[in-house]
Amino acid sequence: MNQQPPKILIADDEPLYRETTAEFLREEGFECVCVEDAHDAIDVLQNHSFDLILSDLNMPGNLKLELLQEGRTAYPETPMIIVTGVPSTESAIESVRLGVTDYLLKPVKLDELLVAVQRALPARGRHPQMQDNDATDPPSAKIVGTQKAATSEFEDVIGHSPKMLEVMEIVERVAPSNTSVLITGESGTGKEIIARAIHKRSQRSSKKLQVIDCTAIPDSLFESALFGHVKGSFTGAVKDQAGQLKAADGGTAFFDELGELPLVSQSKLLRVIQEQTFTPVGEDKPVRVDTRFLCATNRDLQAEVDADRFRRDLFYRLAVIHIELPPLRQRGDDILLLAEYFLNQLRTSGSSVHGFSAETLDCFRRYRWPGNIRELRNVIERSLTLAKGDRVQAADLPAAILAPFDVTSESTGVDDLAEISRDEALDRADRAYLSALLERHGGVIAKAARQAGLSRQGMNKLLKRHDIDANLYRG
């Protein structure tokens, strides 16, 4: 028996877009019903069943997300794709919380729309109208309401501070969707941990999370590393090689340090995200994948866009959901929770150390932690090695933590601080800290990085950002 074509309800108040989309999807074998506002959409849904709802956000009857909310409540078994020309973080998060399958930005390329439609329809294995009556609803987002709930649900993320509870709530909301997520924050704040938490809670958790370090791929090898190559396609290509994106098929691709990608590579990545296809080097046949994209950077991508160093279209495509991680200095007593965690994780079976002195904990609270969680872990590991008693004492800590740089001292007075922005004050503090590290270690970057809890590469990036020449501190 021939199967009926999937039936799609298209709700959009732009006649040209509505009819063009319907015509395109009909040519692809779908049956389409078009309405021009949310009121008509709700009326039609009450009398007819659909396999998919394709809806605009900003249209009459939906200005308060009425169709989104009623559609997901009354017809939870029907996938919904949101298309909007006026995106907002609030509407994106609400869409994800209610179980929307995808969230696309206008103008949407027809090929990109088709990929989203095809991905939404087979998600349950059969069309919605063919499901058993007792089929279970899709996973709903869990709302983190208490500190206890946060720690039980997030055994992989440590923290009770309000800023981290907010991060955990967003992670729970966005994880079940296929929406791209941009994770930002200073170096060492745990961006990869958050990416892994999203993947672990997603419907792709049984597949691979492929971590792609953008700083580790030379520009000349970007295509080969990402897309793969065929034997003989260039010098050194002695055999066929699958790229990193192929390894993420069905799973999640996490692009770490995205802000380091050059513009040429950014354009190639944008095409992959939009079309879910790529062509291996030396091949002429495109490869299709089903991959979710998570990206992280310690750069201010909006500033990079304004400076023409980052593609605006790629930024908007990735930043549908933006999670900004707070620096460790803004997380209050999370510092102490993390210190305790690292103490238990790093101490050896024969170690007699089982805690911290009150003075040590006070130092932890006062210190600014420019290297964030990574630096804290490094300090705990060092202290465990040097500790003589059953507790880590202040004397076991690095000198920088015992006498943290005070941005109000020396050349910068309180009156001066009142005339500058907070970001500039923090920038001066970081610069002074880096200079003090280099002075202490005679300009040896490796030693300075080790004390700061940074990689050598991370230290070099910070020095470059602050225009500090390590050679001036040598000798």
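User: Valine 83: buried or exposed?
Analyst: This is a predicted model. In it, valine 83 counts as buried, because its relative accessibility is 1% and the cut-off for buried is under 20%.

User: Where is valine 83 placed?
Analyst: In strand β4, which covers residues 80-84.

User: What is valine 83 in contact with, leaving aside neighbours within four places in sequence?
Analyst: Tyr17, Leu54, Ser55, Asp56, Leu57, Leu104, Lys106 and Val108. As for valine 108, 25 residues from valine 83 along the chain, the two C-alpha atoms are separated by 8.1 Å.

User: Switching to cores. How many residues does the largest nonpolar core have?
Analyst: It has 44 residues. Those with the most contacts inside this core are Leu67, Val181, Ile183, Ile194, Ile198 and Ile323.

User: Which helix gives the largest share of it?
Analyst: Helix α7, residues 162-174, with seven residues.

User: And what does isoleucine 194 touch, beyond its sequence neighbours?
Analyst: Outside the four places on either side, isoleucine 194 is in contact with Val157, Val167, Val171, Ile183, Ile323 and Leu325.

User: What about a second core?
Analyst: There is a separate one of 37 residues, and Leu336, Leu384, Leu454 and Leu463 are included in it.

User: Now the voids. How many cavities of 30 Å³ or more?
Analyst: Two. The largest cavity holds about 120 Å³ of space.

User: Which residues are closest to the centre of that largest one?
Analyst: Asp102, Arg119, Asn178, Ser180 and Arg317, out of 18 lining residues. By class, the lining has seven nonpolar, six polar and five charged residues.

User: Which element gives the most to the lining?
Analyst: α5, with four residues. The elements giving two or more are β5 (102-105), α5 (110-120), α11 (263-275) and β13 (292-297).

User: Stay on α11. What is its reach, and what would be expected?
Analyst: From first C-alpha to last, α11 reaches 19 Å, close to the 18 Å expected for its 13 residues at 1.5 Å a residue.

User: Which residues of α11 are buried?
Analyst: Ser265, Gln266, Leu269, Leu270, Val272, Ile273, Gln274 and Glu275.

How values were computed. Residues numbered from 1 in each chain as written. Predicted model: local features only at pLDDT ≥ 70, side-chain atom pairs only at ≥ 80, totals over all residues. Heavy atoms only, no water. Core = buried A, V, L, I, M, F, W, Y, C linked by side-chain atoms within 4.5 Å. Buried < 20%, exposed > 50% of the residue type's maximum accessible area, 1.4 Å probe, protein only. Contact = heavy atoms within 4.5 Å. 1 Å grid on protein atoms, 1.4 Å probe; cavity = no way out; pocket = protein on both sides within 12 Å on 5 of 7 lines; lining within 4 Å. Points joined across faces, edges and corners; volume = space filled by probe spheres on them. Nonpolar A, V, L, I, M, F, W, Y, C, P; charged D, E, K, R; others polar. Expected span 1.5 Å × (residues − 1).
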